[in-house]
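Hi everyone, thanks for coming. Please have a look at the structure on the screen while I talk you through a few spots in it.

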Number of protein chains: 2
Amino acid sequence: MNVRGTPMRTIWLEPDGAVGIIDQTRLPHEFVTARLGTLAESAHAISAMLVRGAPLIGATAAYGVALAMRAQASDEALDAACRSLLATRPTAVNLRWALEEMRALLQGLPPAERAAAAYRRAGEIAEEDVAINRAIGRHGLDLIAAAWQRAGKRRPVELLTHCNAGWLAAVDWGTALAPIYAAHDQGIPVHVWVDETRPRNQGASLTAWELGQHGVPHTVIVDNAGGHLMQHSRVDLCIVGTDRTTARGDVANKIGTYLKALAAHDNRVPFYVALPSPTIDWSIEDGVRDIPIEQRDAAEVIEIAGRLPEGGIARVRLMPDGSPAANYAFDVTPARLVTGLITERGVCAASRDGLLSLFPERRQLMAGE
Amino acid sequence: MNVRGTPMRTIWLEPDGAVGIIDQTRLPHEFVTARLGTLAESAHAISAMLVRGAPLIGATAAYGVALAMRAQASDEALDAACRSLLATRPTAVNLRWALEEMRALLQGLPPAERAAAAYRRAGEIAEEDVAINRAIGRHGLDLIAAAWQRAGKRRPVELLTHCNAGWLAAVDWGTALAPIYAAHDQGIPVHVWVDETRPRNQGASLTAWELGQHGVPHTVIVDNAGGHLMQHSRVDLCIVGTDRTTARGDVANKIGTYLKALAAHDNRVPFYVALPSPTIDWSIEDGVRDIPIEQRDAAEVIEIAGRLPEGGIARVRLMPDGSPAANYAFDVTPARLVTGLITERGVCAASRDGLLSLFPERRQLMAGE
């Protein structure tokens, strides 16, 4: 998508074999890129959230393995690379997927061939992500076009999204925002209510930034506001992303997604979840019971970073000394609250049958489990 | 309640006739009091939220009328005082109530007697509020004691609250927090999940501060987290306040309350609203349809104030330049999501019949409407 009018991606290969990324911790106040030259830098980029979002984490991890192989291509080095990358974000299922892809490919090759093969496969993983998200955009576009029809084409389609599941969370296009970019690029007028998304404020910082850079009309609201807007028919459609989807369509996404799904359900607002199929965890059904919820540093709740009036970034403390805070990173939205799942193969019901209708090859695998 | 171990109130009369308040915009980082010597200072204290919370706004407005009468006790001055105070917070129903009380009393008196009578009535309004909230605490205490019984007295009762409906929002005790203080003071172990409460962060700043000062165990969470906690049985009881309650029990409270009520309902967690009866607006039924929702300055969403690491308070910008924000102050929680209303006369169902069972004198008035 566009940055300052120029198309960009979130991750790219530099001519010298290093990996270029956008340092997303500096957004929205500064646009800064970073170079990853080593496995350690790649792991740090994931754990410190210079890159975030399930698909981009997967691509970064794949390139991290390539950087590790470039330095040292032994079996031990491959094991160590996969282990350290996997430990960066335990909830991210397609981090695991990307690492399994890399390991499966590389362990069958002699060490001398591993670096080149790893770069090639990491590049393919990035391209596959772009293709997947472009397809998600195409399928989700139909839902937005239908909402525009229902609105009599007399006003913009009002969308609500939570967190950042845009192109900054992927290699390009994004998941939840891909349909919105596709609609905007096709001339369907849209307006996006952007949940601020505490803590870390990925909505107010990243989603607002990328929508603004691409020219998509939007308004930032606090996470508390979406229910009120839905009560007053100000939202036609919710679209969010997911970090992990169970085989029956429960979705783990940024904390607070569940609350928006409840409000959408209570007000009969369609609530869609956009996801690339690698984020489906076919091995579990009940997300509330079985998805472990990462707890992150309480400092993300206690303090916040922003730009000072005179310029420069500062962290300020929001709470009294002595009051503790807890920081749950995700919650699980049960499938019963999800109107549909938007995947690269099309839109389906958030259910086992719905998912299997799009991914019939899983039917046999699951029966065999 | 206690501040640094000493009992305090939020508003008091100084020996010279000025009115003392806690400047709540300086909390939680600084504890500073302010003197209101004029009508204009009182109106500013309300509109700039040096004082906030329905009952405290009412008491401050009553004292504001007294300060106006002290300066000039004509009919015109009384009209002007009521008008300017009413304009400070249009949604606050007991601001209106307090001003009507003052006007009804004062317009029947000769100007020479108005100042003294206004001070006396303002003092009574403050004392009545303390009595009301003490009674709310006593009635709500029974609910917490019952939850402790249900927990087998083996662990603290887990409560969740939104915004600040504590003693800082009242003259003393508070509304939603009064039962919690009553339980704590009686030795029932409690732990409070405190919603940060964006924008303005009254939970993270004020509720955390006052619970901490009084020694009540608590943990601050982002507004997004409550649903997750309820899904995992980490909340026994929600108690929130309200700025306005309709005759059938719909409640307008700080934006986001509705989302917590939905989560409580979805997880069968009791959801109680504590309110002094002056905040009941007997003239309306359907809160979603009929309660106008104040929109405040978008700067409250775009920027946030906090304490710098080196000390001192700074406002930082959270969003990219050029992205707009909207700031809805309240939302309405329909009565169907409210387990019960805790009033100074007892606990009742959130319904017309429930409210009339506690306030039977309204039955005749409403029939006559």
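Predicted model: local features only at pLDDT ≥ 70, side-chain atom pairs only at ≥ 80, totals over all residues.

Let's start with the two copies.

Now on to helix α1 of chain A, residues 39-47. Ser42(A), Ala43(A), Ala45(A) and Ile46(A) are buried there. These residues span an arc of only 155° around the axis, and that puts them on the same side of α1(A). Who does the covering? Among the elements over these buried residues are β4 (19-22), β5 (33-36) and α2 (54-71) of chain A, along with α3 (75-86) and α4 (93-106). After the helix comes Met49(A), with a positive phi near 60°.

Helix α6(A) is my next stop. Six of its eight residues are buried, so α6(A) is largely enclosed by the rest of the structure. The buried ones are Ala178(A), Pro179(A), Ile180(A), Tyr181(A), Ala182(A) and Ala183(A). Their cover includes α5 (111-150), α7 (202-214) and the strands β6, β7 (190-195) and β9 (237-240) of chain A. Just after α6(A), Gly187(A) has a positive phi too, about 90°.

In the loop leading from β6 (157-161) to α6 (178-185) of chain A you'll find Asp172(A). I like this one: Asp172(A) is buried yet has no salt bridge. How far away is the nearest side chain of opposite charge? That is Arg9(A), at 4.2 Å, and the cut-off for a salt bridge is 4 Å. What the side chain of Asp172(A) does reach is the backbone nitrogen of Met1(A), at 2.7 Å. Beyond its sequence neighbours, Asp172(A) also touches residues including Met8(A), Asp129(A), Asn133(A) and Trp167(A).

Over in chain B, Leu106(B) sits in helix α4, residues 93-106. With 0% relative accessibility, Leu106(B) counts as buried. Leaving aside neighbours within four places in sequence, its contacts are Val65(B), Met69(B), Leu78(B), Arg114(B), Ala117(B) and Ala118(B).

Last topic: charges. The search finds 50 salt bridges over all chains, and I've picked a few.

Glu124(A) and Arg121(A) pair at 2.9 Å, N to O. Both lie in helix α5 of chain A, three residues apart, or about one turn of the helix. Arg121(A) is buried, at 12% relative accessible area, while Glu124(A) is partly exposed, at 38%.

Next, Arg336(B) and Asp266(A) meet in a salt bridge at 2.9 Å. Arg336(B) is in the loop between β16 (330-333) and β17 (340-343) of chain B and Asp266(A) is in helix α9 (residues 257-266) of chain A, so this pair joins two chains. Arg336(B) counts as exposed at 52%, and Asp266(A) as partly exposed at 25%.

Finally, which residues form a network of salt bridges? Arg89(A), Arg200(A), Glu294(A), Arg296(A) and Glu300(A) are linked in that way.

How values were computed:
Residues numbered from 1 in each chain as written. Chains lettered and ligands numbered in written order. Heavy atoms only, no water. Helix = DSSP H or I, 4+ residues; strand = E, 2+ residues; numbered from the N terminus. Buried < 20%, exposed > 50% of the residue type's maximum accessible area, 1.4 Å probe, protein only. Lys, Arg positive; Asp, Glu negative; His and termini not counted. Polar contact = N/O pair within 3.5 Å; in protein donor to acceptor, adjacent residues only side chain to side chain. Contact = heavy atoms within 4.5 Å. Arc of directions from axis to C-beta.
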